[in-house]
Amino acid sequence: MEESLGSLELFVLPVGKLASWTAAAAMMFGGMLPYIPQYRDIKRTQNAEGFSIYVCLVLLVANILRILFWFGRYFEPPLLLQSIIMIITMLVMLKLCTAVRMTNELTTRRRAFSDFDLQYFWLWSRFIDYIQCVLTFTVVAAYITYLLIDSSLFVETLGFFAVFTEAMLGTPQLYRNYENKSTEGMSITMVLMWASGDTFKTAYFILNQAPFQFWICGLLQVCVDITILFQAYYYERYPQKPSSHTVPFTSTKAL
């Protein structure tokens, strides 16, 4: 009897570890998967109209803040690695979108980060300008974090802003759909991948006792995803006349 229990225990432990490693890998790489079909579609059509580069801005800010939060309050390593992977993914998306947009843009005027023109913030003509902006934000945020790292209030606030910013990622798409009275140009597949990924992520946060900021904002993300899916159903079922003023492609989000 004892031998049987021992054999069962030897079998269960590796299975448990394998499940844990699988979940960790899904956390690290799951966030980038919805952007693969979007990247391929932009590459194939040479048209970035359906994708909002503000999505990249939101995710870059959120993940940079999350990495800084890690220095004040350690959390699961897979979540830290996920942030690094997402930053790389967003930079790759930015590089492609910038190249495609400049190829299709008729104007010869070039806009740069060093112009400090708020009207064209995050609408620059070269990829290097986005890199300069990201590095500037990272250095400033890191310096402030270094100065206030011993303040628990600052650290907890930093963590909240990190996950809350990411949780608000879907709101540009909600606004675009509402303004245009349509979900045309939005990938339903990507929204479904977002919803399933956010659900898994939130469950992971809760089960692994991640800081409360993570799972609260994870629940908020799921709610936003469901709302976007409802918009897709509603506008498909009840087509409405498009508004006379459509949101420019640079301020929309395709999921």
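Biologist: What is the accessible surface of the protein, and how much of it belongs to carbon and sulfur atoms?

Modeller: The accessible surface comes to about 14400 Å², and 68% of that belongs to carbon and sulfur atoms. Areas come from the Shrake-Rupley method with a 1.4 Å probe, and for residues only the protein chains shown count as cover. This is a predicted model, where local features need pLDDT of at least 70 and side-chain atom pairs pLDDT 80 or more, while totals for chains, interfaces and linings use all residues. Residues are numbered from 1 along each chain as its sequence is written, and side-chain values use heavy atoms, with hydrogens and water left out.

Biologist: Why is tyrosine 146 called exposed?

Modeller: Exposed means over 50% relative accessible area, buried under 20%, and partly exposed in between (1.4 Å probe, protein chains only). Tyrosine 146 has 64%, so it is exposed.

Biologist: Why is the pair of tryptophan 70 and phenylalanine 71 called edge-to-face?

Modeller: Rings of Phe, Tyr and Trp (its six-membered ring) pair if their centres lie within 6.5 Å; planes under 30 degrees apart are stacked, over 60 edge-to-face, the rest tilted. Here the centres are 5.3 Å apart and the planes at 80°, so the pair is edge-to-face. Tryptophan 70 also forms an edge-to-face pair with tyrosine 74, at 4.9 Å centre to centre and 65° between the planes.

Biologist: How do you know that tyrosine 74 is exposed?

Modeller: Tyrosine 74 has 62% relative accessibility, so it counts as exposed.
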